[in-house]
Amino acid sequence: MGLSEASGQDIQQGRVPPQGRLLRRDLFPGESFQPFQVGASARRRDTQALLPVTQTMELRNRDYHVERPLMNQQQLEELGHRTSATRTYQWRTWFQCSRARARALLFQYLPVLSWLPRYPLRDWLLGDLLAGLSVAIMQLPQGLAYALLAGLPPVFGLYSSFYPVFVYFLFGTSRHISVGTFAVMSVMVGSVTESLAPDENFLQGVNATVDEVTRDHVRVQLASTLSVLVGLFQVGLGLVRFGFVVTYLSEPLVRGYTTAASVQVFVSQLKYVFGLQLSSRSGPLSLIYTVLEVCSLLPRSVVGTVVTALVSGVVLVLLKLLSDKLHRYLPMPIPGELLTLIGATGISYGVGLKSRFGVDVVGDIPAGLVPPVAPSPELFASLVGYAFTIAVVGFAIAISLGKIFALRHGYRVDSNQVAGAVSSLFILIIIVKLGELFRDLPKAVLAAAIIVNLKGMLKQFTDIPSLWKSNQMDLLIWLVTFVATILLNLDIGLAIAIVFSLLLVVFRTQLPRYSVLGQVPDTDIYQDVAEYSEAREVPGVKVFRSSATMYFANAELYSDALKKRCGVDVDRLISKKKKWLRKQEQKLKRMQKTLQKQTASSEGTSVSVQVNTNITDVESNNVDDSMARQASTGNELEDTTVSGQEDAKAANGSTLKALGLPQPHFHSLVLDLGALSFVDTVCIKSLKNIFRDFREIEVEVYMAACHAPVVSQLEAGHFFDASITKQHLFASVHDAVLFALQHPRSSPASPVSTTKL
């Protein structure tokens, strides 16, 4: 077998592939190639004249020439010396101890030791300093704002902007994820703190005001204990390689989920925008109830708070638009959030928004770091369920976002540059010295900053029309994820989205595209005749293909589609044939019973003759005549029985034509199994049934293009036997078609001729 690229000069001078004989056949786009005319001379079709000359020459220069024998699976294995792949057990390496393995494990769990010694100071330091400053400027207002989402004092948002960033600097593997406060996680934590420590539990005095100090202390305990449990769960998820869950988070699922989360965040900030006191809700439909409550309480809105939120929101939007317009001329984006917060704090302090207009402000922000306190073990039981859910959601979203950035920028997420450490140091300075300056900052300004920053995620609603045009199945995943998350909350919504996307995959494999293939002229390529108008079915051979693998969920559908696309009612033919054979068998049984009765009667007459022989000669003569007639009748019945048995044997091997049944218009069926990625026991049984059924109607079945793992699974499932051998499996569809044309009725064990492409 030889495969090479050759020019016309190479062919003329006799330079050919080392393992093949001289080849004088080119596959031009318009060249005529008939599979049943092996070795026919090359001919050009008139359609080639329609191609531009340069394009024709370019295609000719890319022609390839192949000379090889027609090959089934058995011959392919002999030629390629197929051997079973050695199985490796990865778990054995877990217990190996060596210096190299210890070093690899250290670098795996502390990536900073791997990339920090190779960090190019001259090239990256300045950029990382600017990036760290930019992140710190963004983290300051976001940290303060997202603390409101979690139902905690704003200073804890600053803590969340320092510790996680510094830790991720040591252990992280993504260069683009900025670890810190995250809206989705903040909302989930807020739903826990507000459900376990609602405002109603801290009412005091005649006016039923909320004891905010006690409430905040309890919520901080809940949030800190919850964070410890989430961290433990995530460490455990990392140790058991839970990252595989990200495989089931497609981009439409993530985008639909984050869009729904942005709506949740938006609704959670309405109480700060309008200055309302809302009931604490969590669980399914909590978002709907919150919106209804906000609408009912709108007449009680604080005008000063609404005006503050609107003005700060408009200013922030204008600053962002200005930053986008001037980004080419600026070394870094305009810190719109920080400028808005500084301006709003100054105006609030100077005008006295809290005392004069009732605008709620952040309040005292303690300077310095709070000493760490151990979590409360008595809260573990009530928080363990929430902690696991938040751990899974946070783990999945962080890894999926990291992989999205990794795919865009071409690296593997398994080192984060120094920008994370720089931003954490800036946040530390703010916590220690500057945090107390923001005590007069209105909460409405933070809510406005959160809502404005949701613009990017809310713009994902434009995915709906684009997915409608490109992929409606992905649109369905997007919509189901969005609706489930809106109605059932973030945790249940994500679970339903994953389950639905998996079920949709199963559903799509149950309804693949089934095709009857035809040969593209002058090639060994077979395509769907419904899509390629020039593709022609090979006379006498039916080629069938499915776009999905065949397994227990769609094996029956595969068989039904095959029989339907072949244009022959296979089951009806088999039923008629079996019905005719049953009639013949019943007829034979009746004839045998008649013969047995006649034989018994003949034996009785013989006895009578022996008894009455000595009485009279006349009776003897009469008996002789009777015996002769009985013998003659017996011989006729015996001949008929033998003839019936022979007819029955002929019926068992009789043709449809002899039975008066319609014959299929093809003598061979080729199953293109190139789409099979695995087979199960149901698939193997279905394939055996296909062989049996089509052989009943005098159609020989062949298979083609099986991958090596699939062949191994067929062997393990005892698919091949005396009636179905590897000589029924061919390396390509074209091999199978050529063999079927050369052996329309013969056994596949017949000698195989050589074909030249």
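Me: Is R215 buried or exposed in this model?
Reply: In this predicted model, R215 has a relative accessibility of 12%, so R215 counts as buried, the cut-off being under 20%.

Me: Which residue does R215 meet in a salt bridge?
Reply: The side chain of R215 meets that of D216, with N to O at 3.2 Å, and D216 is buried as well, having a relative accessible area of 19%.

Me: How many salt bridges are there?
Reply: The count comes to 22, and among them is the one between D735 and R68, where the closest N and O atoms are 2.8 Å apart and both residues are buried.

Me: Which residues are linked in a network?
Reply: Salt bridges link E77, R82, E715 and K726 in a network.

Me: Switching topic, at what angle do helix 10 and helix 12 pack?
Reply: Helix 10 (residues 251–268) and helix 12 (residues 286–297) pack at about 35°, with their axes 10 Å apart, and the crossing is left-handed.

Me: Which residues meet there?
Reply: V263, Q264 and V267 in helix 10 meet L287, T290 and V291 in helix 12, and the residues of this contact divide into 4 nonpolar, 2 polar and no charged.

Me: What does UniProt list as "transmembrane region"?
Reply: The unreviewed UniProt entry lists several spans, including residues 146–171 and 475–507; in the model, residues 146–171 are 81% helix, while residues 475–507 are 100% helix, with end C-alpha atoms 15 Å apart.

Conventions: Residues numbered from 1 in each chain as written. Predicted model: local features only at pLDDT ≥ 70, side-chain atom pairs only at ≥ 80, totals over all residues. Heavy atoms only, no water. Axes fitted to C-alpha atoms, helices over the stretch in contact; angles between N-to-C directions. Helix = DSSP H or I, 4+ residues; strand = E, 2+ residues; numbered from the N terminus. Left-handed = near helix turned anticlockwise from the far one by under 90°. Contact = heavy atoms within 4.5 Å. Nonpolar A, V, L, I, M, F, W, Y, C, P; charged D, E, K, R; others polar. UniProt positions renumbered as here; feature names shortened; annotations may be inferred. Salt bridge = Lys/Arg side-chain N within 4 Å of Asp/Glu carboxyl O. Buried < 20%, exposed > 50% of the residue type's maximum accessible area, 1.4 Å probe, protein only.
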